[in-house]
Amino acid sequence: MGNIRVRFAPSPTGVLHLGGARSAIYNWLFARAEGGKFLLRIEDTDAQRSKSEYVEQIYKSLRWLGLDWDDEPVFQSKRMDAYQESVQKMVDDGSAYYCFCTPEELEERRKASGDYSYDGKCRSLSKTEIDANLKAEKSAAVRFKIETGTTEWIDRVYGTIKVNHREIDDFVIQRSNGFPTYQLAVVVDDIFMRISHVIRGEDHISNTPKQILLYKALGAAIPEFAHLPLLNGTDGKRLSKRHGATGVDEYRDQGYPTEAVFNYLAILGWVPKDGNEILNPDDLIKRFNLDDIARKSAIFDLKKFDWVSNEHIKKTDPEEIYRHILPILVENDLVDAEPDSTMRQYILKFIDLMRNRFRTYQQFGELGSYFFKDPETYEEKAVRKNWKDREVNRRMETFLAKLKALEDFTGTTIETVVRELAEELEISAGNLIHPVRLAVSGFSVGPGIFELLEVLGKETVLRRVHTALHKLPLID
């Protein structure tokens, strides 16, 4: 099925957002699954809002996601001649006509009639009137002529959709400044790029009948359409800044793994029939089926996203995690830019201990900083609960003395000390475990305490417990 050709067509008027990235992913998966081509088109006809830095940002985000495109990107701004030729063809064959109505005239007539559809004033102008207006250089847009009837298509997601032409205006295909409208440029470009399937957001369903009519007027084959339900937040409203970060680059900068972002966006509204949700791009290609996309809106749930991300981190090779987090540790002044072999092995132990707990690479530097530097503060709530009086100090002094005497500082021997001392003091082991965790990390939660103490090492643990004895409790 090498004749499959799909396109992702962003406008460079802002960063690549999650909804756009999801559309790109579905196009890419479909192309790769069917042995077709995934093409990129930059829809930059809005000269005022389109910026070259957004083009570069779109490229960067797509590459970061691993979405490689075939052939050179098509820029609409370089195809003005093609649009004008297509408009002229339709004017010549009568499927389009010049409209000399000014915006002010249109507004005045709409207000007078209360009907905001075009009243067709210029539709029946004689050739003499048209030629006279053009000769007088009167400003003219070009409208597509809608005939009575219906337009119907089978959408790969929504099934059969039928639109009566009474619902469609004689819409503008070329503005009075000679620039094409979205409807025209999209169709002319899709014909030029030989697009076989148009996979895009459901907000374009209303554009589809107009575009089908343009394909027909230009004598071109009509592609198949698949409209994707939009992304909503957990409140059921369309995803926006009020729900948090919406740009792909924001999640990249927060340290989410590429595979996790790709995976989560891919399963928003589509889940493989085997029910497996944690998949890499190759797995997704093997399973992807356009016809299995759900019709209901997909919910972007940050908690689910974090779970997917954590699952990917857990599956990632420690050496790969090391490559990602080293710059973060360096940036946070936790390690040198070129760690020696001892530090490198320590970082790998740190990764092995903490990878199950973090959802982003940034968290290794933020929440795991105590592996590299002594805590400067202690979680107040945990102090009030687990180190509330001097009785804790007395227990910890006894515990510290026993740790000092340990020659074999391993998780197993440390656990034995804790269990035996708890029995001796007739307290639960938790009365020792919780304060020591607070002393060495500053936090009330973390990895298994005995493994943590072993990785930190005897010298660090003794120093931190000793420091905590002088700092805690926070009040007498």
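Is Arg156 buried, partly exposed or exposed, and what is its relative accessibility? In this predicted model, Arg156 counts as partly exposed, at a relative accessibility of 22%. The side chain of Arg156 takes part in a salt bridge with Asp291, with a distance of 2.6 Å from N to O. This pair joins distant parts of the chain, 135 residues apart: Arg156 lies in the loop between strand 6 (150-155) and strand 7 (159-164), and Asp291 in the loop between helix 10 (281-287) and strand 12 (298-299). Asp291 is likewise classed as partly exposed, at 43% relative accessibility.

A search of the whole structure identifies 31 salt bridges. Among them is the contact of Arg32 with Asp70, in which the closest N and O atoms are 3.2 Å apart. Here the pair links helix 1 (residues 18-33), which contains Arg32, to the loop between helix 2 (52-65) and strand 3 (74-75), which contains Asp70; the two residues are 38 residues apart.

Arg287 belongs to helix 10, whereas Asp274 is placed in the loop between helix 9 (258-266) and helix 10, 13 residues apart. Both partners are partly exposed, with a relative accessible area of 29% for Arg287 and 48% for Asp274.

Salt bridges also occur as a network, which links Arg7, Arg41, Glu43, Arg79, Asp189 and Asp190.

Technical notes: Residues numbered from 1 in each chain as written. Predicted model: local features only at pLDDT ≥ 70, side-chain atom pairs only at ≥ 80, totals over all residues. Heavy atoms only, no water. Salt bridge = Lys/Arg side-chain N within 4 Å of Asp/Glu carboxyl O. Helix = DSSP H or I, 4+ residues; strand = E, 2+ residues; numbered from the N terminus. Buried < 20%, exposed > 50% of the residue type's maximum accessible area, 1.4 Å probe, protein only.
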